[in-house]
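Trainee: Can we go through this one together? I'd like to start with the sheet and then move on to the helices.
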Amino acid sequence: MLKINNLHASIEDKSILKGINLEVKAGEVHAIMGPNGSGKSTLASVIAGKEEYEVTDGNIIFEGEDIEELAAEERAHKGVFLSFQYPVEIPGVSVTNFMKTAINETRKAKGLEDMPAKDMLKMIREKSELLEIDRKFLSRSLNEGFSGGEKKRNEIFQMAMLEPKLAILDETDSGLDIDALRIVANGVNKLKSKDNAVVVITHYQRLLDYIVPDYVHVLYNGRIVKSGGKELAHELEEKGYDWIKEEVNA
Amino acid sequence: MDLKEKLVSSFLALENKVDIDSYVHDVRTDAIKIFEDQGFPSKKEEAWKYTSLNSILKEDYSVFPKQENALEFKDIKKYFIHDIDTYKIVFIDGKYASHLSQTTHDGIDVCLMSAALSKPKYQLVIKNYFNKAAEKDSLTSLNTAFSCEGAYIHIPKNKIVEKPIQILHFSTGNESATMLQPRNLVVVGENAHVQIIERHQSLTENPVLTNSVTEIFASKRAIVDFYKIQNDNENATLIDHTFVKQSRESFASVHTFSFGGKLIRNNLNFYQEGERIDSTLKGITIIGNKQHVDHNTLVHHIEPNCESHQDYKGIFDGKSTGVFNGKVLVNKEAQKTNAFQANNNILISDKASINTKPQLEIFADDVKCSHGCTIGQLDESAMFYMQARGIPEKEAKALLMFAFSNNVLSSVKIPELKQRITKIIASKLGVNIGFDL
């Protein structure tokens with residue numbers, strides 16, 4: 001589904017990603033871990049198409065197509081979803097209206113008519129129940145005055161509505177208490193299927209107790225320096241990142 | 001002959017058409033003297049520092065335009081709020097168009113200024129209110145001197161007017177250049193409520209200069225909502241002067257939606273002559289190309305325990321220019337005043353500009369006065385967030401601009417008007433928004 005080859009990316013001439021190789025197949029869950037400043041969020045933003053980053057070498061192949069030249073919305077239309085570490089507040093636009101716009105723009109891009117209002121409402125009802133979201137919440141302005149947990153739950157709600165092929169969860173666990181973490185993880189697990197894939201970016205192992213990865217990669221200084229199974233996450237939790245840094249620097 | 005000379009000499013022609021032995025004509029005569037003394041304002045004056053009328057005054061305007069052959073409603077329907085029942089006072093090239101209007105004298109007066117100025121039964125109201133709120137600056141005086149026609153609205157005590165009143169001024173381009181000087185008087189009695197929508201619309205490429213004056217009086221506990229739709233074509237200039245005098249416990253609001261025109265200058269003054277008054281001044285400006293919009297507001301807090309709320313949003317594209325000059329004056333006696341002012345702007349293009357200047361003159365010592373102005377660009381992180389959810393750049397921009405102006409839109413009390421304004425904004429931004437904000 002996703003194949004990243006020798007990806008180099010920089011922002012304002014500062015090199016952040018220095019040769020990433022990663023392959024994610026349908027049905028898989030990958031975790032990307034690493035110390036602060038290793039390039040995790042940059043990798044997520046570059047895959048989603050944030051323009052501030054310049055890809056200086058390598059490529060990103062999604063479903064057999066090089067997506068580097070595509071705008072963020074075109075990538076979204078093809079099924080790439082990024083759950084933001086810091087979801088942006090948009091006063092004046094309700095969650096429901098935002099989702100209607102996002103879904104219908106995606107349908108338009110695929111040559112489909114707008115989703116009938118009845119179907120939209122039904123879908124909103126189902127998906128909000130999945131994330132245990134109060135209906136009143138949906139008429140509030142997007143992310144405005146939401147708590148950290150509400151923002152993250154709302155991100156996964158949007159993911160449920162958009163049904164992406166590839167979901168990248170950037171630090172979705174940060175700012176969540178244990179109950180919210182469980183609800184979010186439960187939502188992600190219910191959305192998982194053999195046809196889609198999830199990339200979980202996290203600093204800590206705790207989310208991975210709930211969303212169990214098939215592969216764990218350690219990102220350090222712009223490169224993936226170690227890959228393994230889910231046991232690698234436990235090892236990192238116990239020993240921290242220093243031994244990885246030492247291994248790399250040796 | 002320049003425009004000033006032409007106007008001064010035209011005043012003599014006006015005197016052949018009106019009753020010169022009247023109270024109003026004495027007012028007119030004083031006013032033309034003021035205009036003759038002061039002439040048109042120039043950029044040397046502080047209040048006109050950022051707005052030049054020079055290029056506009058060069059046109060050879062017809063001061064008394066010929067009457068146009070009747071327009072048909074179907075041709076101009078789109079300029080009306082037509083999906084609800086309203087009173088309508090419609091003018092074409094400055095003349096009353098009865099076939100397009102729906103006036104009334106049934107319990108309230110929604111009719112013509114020309115009638116009010118000439119018929120004896122209106123004389124008392126005219127004497128008490130005409131030119132009693134208007135400032136004596138040169139352009140207002142120019143209008144006063146030529147005031148013959150416009151809307152006359154008198155709502156007696158305790159009357160709640162259910163239907164909004166629309167005032168529409170069309171110009172057809174019958175003349176190569178037209179100058180219009182409508183004069184409106186709105187007197188709202190104790191406990192009475194009224195909603196008014198005003199629009200100036202040119203139907204021609206020929207230049208139009210409108211110098212409009214509206215006086216509004218809100219008596220004790222009256223509620224007055226006034227909406228100005230300024231979405232004219234790029235050959236039309238509007239200089240609007242609106243003066244609102246409020247008595248105690250009244251509520252008055254003026255919303256100004258400036259979406260089009262060559263040059264728009266809004267002078268909006270509120271005078272609070274009693275306690276516990278609420279004054280609301282809000283505006284959305286969305287312009288591009290070489291358009292220019294200048295909002296010049298004054299709120300004069302004269303008595304204690306009053307509030308004022310000013311909220312102006314501006315979005316400027318192309319080489320457009322904006323001005324916001326908001327003055328809040330708090331008298332020494334006006335303790336416990338709560339005056340709020342905000343002016344937020346987004347510059348979409350590098351060549352657009354805005355001059356924003358809050359002016360607070362506070363002589364009382366126990367007041368809450370706040371003001372803030374911001375000038376920014378569209379929020380890049382919000383753009384990426386929306387695009388990453390599949391919303392294309394143009395639509396994402398439009399959503400952000402709607403969100404930005406939502407505070408002002410949301411206080412429009414007539415749903416059909418709000419919907420219309422939403423549509424005008426969407427079409428200006430070139431998008432279809434699938435829902436109402």
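Mentor: What follows is a short talk through chain B of a predicted model.

Trainee: In what order do the strands of the open sheet in chain B run?
Mentor: The order is S2-S1-S5-S8-S10-S12-S14-S16-S18-S20, 10 strands with mixed pairing. S2 (95–96) and S20 (368–376) of chain B are the edge strands, each pairing on one side only.

Trainee: Is S8(B) mostly covered or mostly open?
Mentor: Mostly covered: 8 of the 10 residues in S8(B), which spans 193–202, are buried.

Trainee: And which strands pair with it, S8(B) I mean?
Mentor: S5(B), residues 165–171, pairs with S8(B) in the parallel sense over 7 bridges. There, Gln166(B) stands opposite Ile197(B). S10(B), residues 223–231, also pairs with S8(B) in the parallel sense, over 7 bridges, and Arg199(B) stands opposite Ile229(B).

Trainee: How many bridges between S1(B) and S5(B)?
Mentor: 6, again parallel. Ile92(B) has Phe170(B) in S5(B) as its bridge partner.

Trainee: Switching to helices. Which strands does H9(B) lie across?
Mentor: H9(B) lies across S12, S14, S16 and S18 of chain B, at about 160° to S16(B). H10(B), residues 415–429, packs on the sheet too, touching S8, S10, S12 and S14 of chain B. The direction of H10(B) makes about 25° with that of S12(B).

Trainee: How many residues does each chain put into the contact between A and B?
Mentor: Chain B gives 19 and chain A gives 25. On the chain B side, H8 (380–388) and H9 (393–409) each supply at least two residues. By class, that side of chain B has 11 nonpolar, 5 polar and 3 charged residues.

Methods:
Residues numbered from 1 in each chain as written. Chains lettered and ligands numbered in written order. Predicted model: local features only at pLDDT ≥ 70, side-chain atom pairs only at ≥ 80, totals over all residues. Contact = placed C-beta atoms within 7 Å. Helix = DSSP H or I, 4+ residues; strand = E, 2+ residues; numbered from the N terminus. Nonpolar A, V, L, I, M, F, W, Y, C, P; charged D, E, K, R; others polar. Buried ≥ 20, exposed ≤ 12 C-beta atoms within 10 Å, placed from the backbone. Pairing = 2+ DSSP bridges. Axes fitted to C-alpha atoms, helices over the stretch in contact; angles between N-to-C directions.
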